[in-house]
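Open the model in your viewer and keep the selection panel at hand.

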Protein chains: 2
Amino acid sequence: MATRPRLGHIQFLNCLPLYYGLVKQDVLLDVDLVKAAPRSLARMLLDDELDVAPIPSIEYARHAEELVLLPDIAISSDGEVQSILLLSKVPADELGGRTVALADTSRTSQVLCRVLLAKHWRVEPGFVEEPPDVSAMLRDADAALLIGDDALRAYWDRPEGLHAYDLGAEWTRWTGLPMVYAVWAVRRQYATSQPDAVRTILDSLNGSLAYCRAHLDAISEYAARWEPFPVESFRSYFDALQFRFGPRYREGLTRYLAEAHDIGQLDSVPRLAIFGESE
Amino acid sequence: MATRPRLGHIQFLNCLPLYYGLVKQDVLLDVDLVKAAPRSLARMLLDDELDVAPIPSIEYARHAEELVLLPDIAISSDGEVQSILLLSKVPADELGGRTVALADTSRTSQVLCRVLLAKHWRVEPGFVEEPPDVSAMLRDADAALLIGDDALRAYWDRPEGLHAYDLGAEWTRWTGLPMVYAVWAVRRQYATSQPDAVRTILDSLNGSLAYCRAHLDAISEYAARWEPFPVESFRSYFDALQFRFGPRYREGLTRYLAEAHDIGQLDSVPRLAIFGESE
């Protein structure tokens, strides 16, 4: 008796267009969809509670030997991303010796912020991890890394007197490459034993992405009905956000992991193992 | 800012046709669907973790003052139900003084079984509640109440040498009325403060039921792809299973609750409070 594949889903705004596609393409009939935060999805995948899941790029790198990646999908940006923002009381290249507060909700963004400060802006601030409360963060520190809703709010409604840096845009300006925030990972054992199921999931995800790319206006209207931002903001965000994972994106991911390794945030840089491509 | 209504869903086979309709009608875009067993859904609804949920009829009766019911939907049967089965080593009217094992997974079915034994077959067996393991139950007892998959398996593949009673059919034979196993309940406070949201959910559920009634062949094929029974069995089951809650069904529910009260399984029989109908 076959059992439905267990597919993870990120319950943040960035994956809302994909969810819309999954529902419209009736994918929820043939997978057990489990919604959670990215870090929880990574733990569930490694604990064999899920078969396929979007997980933070940095978590993939730490467990690459147990995982393979789906070839055509990732959460990525090629330029601005809008939802990962460094707010600072001084220009970023003057943050040396000062304190940067990092929202504790995204490891990949934290490492991205550390990389950009060390290598792009060439400064060495101190860091403190905190819950994502902007006011508290900026009371304690000279700059704050915001993620998700908080970042979007600040992106669209720039707080006066603060410098704001879109870390997707800064990454691409520095490297000339896209940035990959999350990848869809498959447990290696599942990919080996159930390749047909993995191919079916991949087809479903690709179908859902095609649907969502063709319906971004409707999705923006849908998002604005239930989430605290206007239609135009969503449309702009969903245009910035890519779900691509082609060759340049993979290059961007490898570069990101190499930089993370270089500043001591990752033990080793894995070769990307992609489902269906010979290693 | 509006938040999506939190709608419970029973994760058993009996609600699979409805789930199919919910997916096909894109309802999952506008509700937060939470899948669980019926008893868990009742607890979550009473604890304000859900706004609307299908819950066991007997649980509704125990908390009726906090709840109102949706008018057009219930899990019900008018005759056989197939998924609630009493298997017995002797004819049911000879079970007096013997032991009946009750699967501990459905309170409504347990009470139905007790009512039928006491009032329809007029016997007084002893009862023992157990996990739903047929072999263990029939090792310990002279009869076993089976529910769900176990009952369906026994319904379609009658075990030799045992008497089998479909409790939906027995109820209707005895009372001339349908049986209502679960009702869609709304927290009274939510129904009062968010009547438009409740109406929208009701419309969505009705639309999904209309869809599922029109596509029972496709749903049976879908079910057989993922669940351990053949297409024809599902088709037969989904024909037996009703989602109706019209006047005769409400009469059946009230009769059931009165009988439960009569044998000491329910403290009092509530008047049914239906959303949108004056009390």
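Start with the open sheet of chain A: five strands, in the order β7-β6-β8-β5-β9, with mixed pairing. Strands here are DSSP runs of E with at least two residues, helices are runs of H or I with at least four, and both are numbered from the N terminus. Two strands pair if DSSP finds at least two bridges between them.

A word on the source: this is a predicted model, where local features need pLDDT of at least 70, side-chain atom pairs count only at pLDDT 80 or more, and totals for chains, interfaces and linings use all residues. Residues are numbered from 1 along each chain as its sequence is written, while chains are lettered from A and ligands numbered from 1 in the order in which they are written.

**Strands of chain A**

Show L86(A): opposite it, in β9(A), stands Y165(A).

**Helices on the sheet**

Select 107-120 of chain A. Helix α4 packs on the sheet and touches β5, β6 (99-103) and β8 (143-147) of chain A. Contact means that the C-beta atoms of two residues, placed from the backbone, lie within 7 Å. The direction of α4 makes about 140° with that of β8(A). Axes are lines fitted to C-alpha atoms, for helices over the stretch in contact; angles run from 0 to 180 degrees between N-to-C directions.

Next, 167-175 of chain A. Helix α7 touches β5 and β9 of chain A, and its direction makes about 65° with that of β9(A).

**Chain B**

Switch to chain B. Its open sheet has five strands in the order β7-β6-β8-β5-β9, with mixed pairing. Pick L86(B); its bridge partner in β9(B) is Y165(B). Helix α7 (167-175) of chain B lies across β5 and β9 of chain B, at about 65° to β9(B).

**Domains of chain A**

Back in chain A, colour 6-77 + 178-262 as domain 1 and 84-175 as domain 2. These bounds come from an automatic or database domain assignment. How far apart are the domain centres, taken over C-alpha atoms? They are separated by 24 Å.

Last, find where the domains of chain A meet: 17 residues of domain 1 are in contact with 15 residues of domain 2. On the domain 1 side, α3 (57-62), β10 (179-187), α11 (231-240) and α12 (247-262) of chain A give two or more residues each.
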